[in-house]
Amino acid sequence: MTKQEIKFTTAAEAVKVIKSGDHVHLSSVASAPQCLINAMCERGRNGELKDVHIHHLHTEGPAPYSEPEFEGIFQLDSFFVGSNVRKNTQLGYADYIPIFLSETQRLYRAGVIPCDVAMIQVSKPDKHGYVSLGTSVDATLGAVECAKTVIAVINKYVPRSFGDAMIPMSKIDMFVEDDTPLIEAPFTQPNDIEIKIGQNCAALIEDGATLQMGIGAIPNAVLAQLGNHKNLGIHTEMFADGVLPLVYKGVINGEAKNIDKGMMVSTFLMGSKEVYDFIDDNPGVLMKDVGYTNDPYVISKNDRVTAINSALQVDITGQVSADSLGTKFWSGVGGQVDFVYGASLSKGGKAIIAMPSMTNKGVSKIVPTLLPGAGIVTTRNQIHWFVSEYGAVDLYGKTLQERARLMISVAHPDAREDLDRAAFERFGSHHHYIKGYMSKK
């Protein structure tokens, strides 16, 4: 089916398939189909819908369906709390389903959540009648497989990416045309603290490592340090602009990987147009189902998998809170546990949790105990490396008291005395901690 033969309809016409009580999946991140979202919200405003459940990973751009005005009309139950829905989720107008990123696709495939309508964005069709999901495969492929109706926006700005992203047009029921450029994420320049964290992480990365890291200042700072490394690979849930200079330089070539050798593997992307152009028609990038990219057993098949993830708070025993600040949801579990586990099963692998020692307001992020209600994402049984701007410590196989001393050693100097006191009170009745504590005095 060529583009000439496609019967296009309008966004307003397409969203008429949504009925009250339906579950609707939206493709995520830069691929959120904004024209369909707006048309759906228009129907909501006109009083045509109620109790429609919306599901997605995080999306970029506006998320009007989460606003208070749509209470009782649209209910967002997201798989990750993005910044655009954070406030409404915290206020209770939207909700969150705690789930490992690897399992988001299973919610559909196992029938835990029905999918009545999948609203996706795809590339222009090729001569074989295939379109590409472009920058986001994630749980969307599962939704497409399970949905009763699939509405696709064909957008010339969606890159033609390979891997699991390619789907035959026969899987799509309705087509809408909209050439709005994909939303871009600006490159974040690291500050001095983030550069230091980047250096401490980079020192742990060996030649031939396979990397997972996200978007933002710390990943950018790590990648900036890797110019002299050799034969690095990428198997990640997402990548952004930071990897491109290393690809162009030949540092990232995937030669040392055991699976998908020579290939960069990811499930979604977020970055500038340069990243979207980079994956367009690029056989060296495989955009895969999230059930593949984030499966810990698949991750572990490569050697020296080095996974770098961040946290909001970590306690002195190594419990990592990454999704919430106390009872307030900030993001979600995402792929942290998938990759911490996958990297720790990998031969020579390293799972790293990296964060600044202090908040911008001067509060220690390394704490005696997590805030009440905080979610533990990576448990103390799973943590390996912890990195701050003051160094890197390996907590694996260490006792609680050893962990406390190691965590305090990389805390902000202004916080160390209080942390020491808290550790002493917690473990001090044990002769062992007193000995360690006194020897430091």
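Buried means under 20% relative accessible area, exposed over 50%, and partly exposed in between, with a 1.4 Å probe and protein chains only.

## About the model

This is a predicted model, where local features need pLDDT of at least 70 and side-chain atom pairs count only at pLDDT 80 or more, while totals for chains, interfaces and linings use all residues. Residues are numbered from 1 along each chain as its sequence is written, and side-chain values use heavy atoms, leaving out hydrogens and water.

## The sheet

Let's start with the open sheet: eight strands in the order β1-β11-β8-β6-β2-β3-β4-β5, with parallel pairing. Strands pair if DSSP finds at least two bridges between them; strands (E, at least two residues) and helices (H or I, at least four) are DSSP runs, numbered from the N terminus. At the edges stand β1 (8-9) and β5 (95-96), each with a single partner strand, so one side of each has no neighbour in the sheet.

## Aromatic pairs

The structure holds five aromatic pairs. Rings of Phe, Tyr and Trp (its six-membered ring) pair if their centres lie within 6.5 Å; planes under 30 degrees apart count as stacked, over 60 as edge-to-face and the rest as tilted. One of the pairs, F70 and F74, is tilted, at 5.2 Å centre to centre and 55 degrees between the planes. F70 has 0% relative accessibility and counts as buried; F74, at 3%, is buried too.

Y297 and Y341 form an edge-to-face pair, with centres 6.1 Å apart and planes at 85 degrees. Y297 lies in helix α11 (residues 296-299) and Y341 in helix α12 (residues 336-345), so the pair ties together parts 44 residues apart in sequence. Y297 is exposed at 51% relative accessibility, and Y341 is partly exposed at 34%.
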